Structure formats: structure tokens, C-alpha cells
Amino acid sequence: MKIAIPTEEKSMDSNINESFGRAPYILLYNTITKESEFLDNSAVVAQGGAGVRVAQVVADNGIKALITLRCGENAEKALSSAEVLIYKGINGTVKQNIEKFIGEELYLLDKFHEGFHGHE
Amino acid sequence: MKIAVLSGKGGTGKTLVSVNLAAASKESVYIDCDVEEPNGHLFFKPHNVSKKNISVKIPIADENLCNGCRKCVEFCKFNALAYINKKIIIFDEVCHSCGGCSLLCPEKAISEREKIIGEVQTGVSDNVTVITGILNTGEASGVPIIKSLLDNEEADKREYVFIDCPPGSACVVMESIKDADYCILVAEPTLFGVHNLNIVYELVKLFNKPFGAVLNKCLDGENPSEKFCMENNIKILGKIPFDNELGKINSNALILTRENEKYREMFSSLLKIVAKEVEYETAINS
């Protein structure tokens with residue numbers, strides 16, 4: 001199963017990033033083959049809709065589950081259209097989050113914040 | 001002449017100054033560009049109010065025509081569109097209504113629909129034509145409403161137009177002062193007031209607008225905003241005292257100029273000073 005995690009650095013020991021849309025990197029991880037790939041997040045400097053952009057990337061990469069601390073309403077709409085499950089991550093490293101996910105200790109995220117939309 | 005009244009934060013006295021200057025003029029137009037919370041109309045209580053809806057264009061996609069090329073998704077720098085599960089998803093509130101996606105679509109799969117975001121109300125209060133912009137709750141940007149407010153034939157005919165700006169220095173303020181002949185910066189006599197004054201001072205300099213300051217809520221003793229004006233050679237147009245009587249009249253939503261001779265004189269003389277400044281600036285810039 002392919003999962004995605006927003007990260008602060010390009011390392012499995014990096015902390016999970018507190019934002020989804022504005023995270024510097026997005027880790028794509030295959031839980032079966034253990035392959036990992038860190039993508040640079042171009043939406044980090046987007047004028048708006050960063051969450052939508054990253055959701056598009058996640059969808060295009062055939063990701064089935066996202067682990068994140070926060071997620072906006074628009075990204076949620078895009079992710080749910082792509083049938084991506086959104087799990088609430090824990091404050092900690094990417095590795096710890098993957099372990100929790102594999103151990104089925106993570107719950108689905110149930111709160112989605114409103115966007116700022118780059119206006120003003 | 002178009003005179004914009006602005007300040008770095010809310011509650012400094014933009015509405016107090018613009019409402020009273022408009023009321024002190026023989027014939028004027030008052031335009032409330034603070035579309036998120038317009039309050040000038042509470043003072044003017046205009047009658048014969050006519051209303052006009054303001055809408056923006058939002059894209060709408062036809063799934064049957066879309067070939068999934070994603071040109072629209074890639075073009076939109078606000079990321080208002082996504083292409084997921086072979087469908088275009090549009091995020092209305094992220095869209096800035098530039099129209100680019102519908103222009104670019106090679107399959108003509110994207111058309112536009114009108115979305116009402118607020119209204120403009122025009123009414124009369126004695127010598128003042130009162131034009132108020134109202135942005136519907138939840139809408140992201142008041143810019144389209146401000147554009148419509150300022151594109152007004154009535155305003156072009158009158159000697160004085162007072163533009164009551166939103167607070168701060170964001171897009172909505174830039175849009176409000178864009179065509180102004182002169183800017184009045186309203187400032188409070190505190191260090192925080194200086195910080196806020198500096199925000200709008202930077203903005204009007206950037207826009208190359210002639211400007212001056214009105215010091216509001218003045219008390220005896222040191223006034224940091226006055227000091228800031230002196231240090232930066234900002235013309236002080238007038239001072240409004242921190243005054244119990246003034247506060248009472250104003251908080252009852254009454255117009256000082258219309259209630260009390262003393263204040264009428266205060267704002268009439270401020271108006272004369274402003275008019276002189278505008279004429280002087282227009283003369284040296286033409």
C-alpha cells in the first residue's frame with residue numbers, strides 16, 4: 001500500500017510537518033516494498049490552494065492513505081474524491097508514524113480546518 | 001477631488017473623519033469601502049436606497065467535453081482547480097475570477113457562471129450621497145465590490161468624494177486608494193498607533209500619493225504619532241481631541257458636524273486645509 005506523509009526534511013528520521021499543504025517535502029512510501037521517495041513540495045510558496053495542489057500530487061501518485069497532523073477542507077474534498085484515506089499522525093518522526101500506521105494504531109482525521117485561500 | 005481616509009488598524013477614526021468631512025462639505029459623496037464591516041451608513045442613515053448585486057465569474061466544467069489535459073489545473077496559480085478521478089474539481093472560494101482556465105481550455109469544457117458576493121447600496125443623506133459596499137459573510141475578497149464602488153458616475157460629478165478605506169494595507173486598501181487624489185492617514189497617540197501609522201505611510205509612499213495625517217484621540221502630553229510625523233516630515237492636517245462629548249455623540253451614531261457647532265467648525269476647517277493641500281499637490285504634479 002502506498003502512503004504519503006508531509007515531512008520537514010528528506011529523511012525517515014525527520015519530523016512529520018505540522019502542515020500538509022505547506023510542508024517542504026512529501027514522502028511517498030510503499031508499505032510492502034519499503035520503497036520511499038521524497039518529493040519537493042512546490043506548493044510551499046503557492047499564493048493559495050497549497051492543500052489542493054498537494055492533494056493533486058498525492059492523487060496522481062496512486063496514494064491510498066495520507067498521514068498528517070492537519071488538513072484543510074479543500075484538500076480533504078480533493079483527497080476524498082481520489083479515495084485517499086486521511087489518518088491523524090502523531091507528533092514525532094516519519095518512521096514512528098509509519099510504525100504506528102502499520103500497527104493500525106492511527107485513527108482517521110476527523111477535523112478539517114478552513115482555508116486562508118491566499119486572498120488579501 | 002477624491003480623498004481616501006486610511007489607517008493601519010480598525011478603530012482609529014477613519015469613519016469619524018470621512019463621515020464628518022463629507023457632512024461638512026457643501027455637496028459630497030461618501031463611499032464606504034470597508035466592505036467587510038461598513039458602518040458609515042449607521043451615521044448617515046441614508047434614504048431612497050437603491051441596491052445592486054455584485055457578482056464574480058466562477059468556472060464551471062463540463063465533464064463530457066473535458067479530455068483531461070489539465071491545462072487549466074496547471075495554469076491556475078491559486079490552485080482553484082484539481083483533476084482527480086477523471087473529473088475537474090473547482091474550489092470556488094480559492095478562485096480569483098481571472099478567467100484564465102476558460103480561455104485556455106482547448107476543448108471549451110470550462111464556461112463561467114455568475115456568483116453573487118455582495119451588494120452596493122446607494123442612498124442620500126442631506127448633502128451627502130452615501131454609497132456602501134457590502135461583502136457577503138464568508139466571501140474571501142472584497143476587491144470586486146470596491147472596484148464597482150469606485151467606478152461610479154455620481155462620484156465623478158461631485159466636488160468632494162470621501163473614500164472610507166478598510167483598515168490595514170492589504171489588496172482591498174490598495175484598490176480603495178488607487179484612484180485617490182489625496183490620502184488622509186488617521187493615527188492614534190500611542191506607540192502601537194505609530195506602528196499602524198507606519199503601515200499606511202509605507203503604502204501611500206509606494207503608491208506615490210500625496211498625503212497628510214490627522215491625529216485622533218489627542219491628549220495632553222507626548223504624542224508618539226505626532227513625533228513620528230515630525231521626524232518623517234508628514235504634514236499634520238489636524239488634531240481631534242480625546243473628548244467625552246465627542247465620544248458620546250459619535251457612539252450614538254450621530255454626525256458631529258450636524259449636531260454641534262463646535263465640531264462643525266473643527267471639521268470645516270479640516271476640510272479647508274485638506275482642500276488646499278489637494279489643490280497644491282495637484283498644481284505641483286500637473
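Modeller: With 8 C-beta neighbours inside 10 Å, Asn208(B) counts as exposed, because a residue is called exposed if 12 or fewer other C-beta atoms, placed from the backbone, lie within 10 Å of its own, buried if 20 or more do, and partly exposed in between. This is a predicted model, in which local features need pLDDT of at least 70 and side-chain atom pairs count only at pLDDT 80 or more, while totals for chains, interfaces and linings use all residues. Residues are numbered from 1 along each chain as its sequence is written, and chains are lettered from A and ligands numbered from 1 in the order in which they are written.

Biologist: What phi does Asn208(B) have?

Modeller: Most residues other than glycine have a negative phi. Asn208(B), although not a glycine, has a positive phi of about 55°, and its place is in the loop between H8 and S10 of chain B; helices (H or I, at least four residues) and strands (E, at least two) are DSSP runs, numbered from the N terminus.

Biologist: Is Glu83(A) buried or exposed?

Modeller: Glu83(A) counts as exposed because it has 11 C-beta neighbours inside 10 Å. Glu83(A) also has a positive phi, of about 60°, and lies in the loop between H2 and strand S5 (85–88) of chain A.

Biologist: Which residues of H8(B) are buried?

Modeller: They are Gly193(B), Val194(B), Asn196(B), Leu197(B), Val200(B), Tyr201(B), Leu203(B) and Val204(B).
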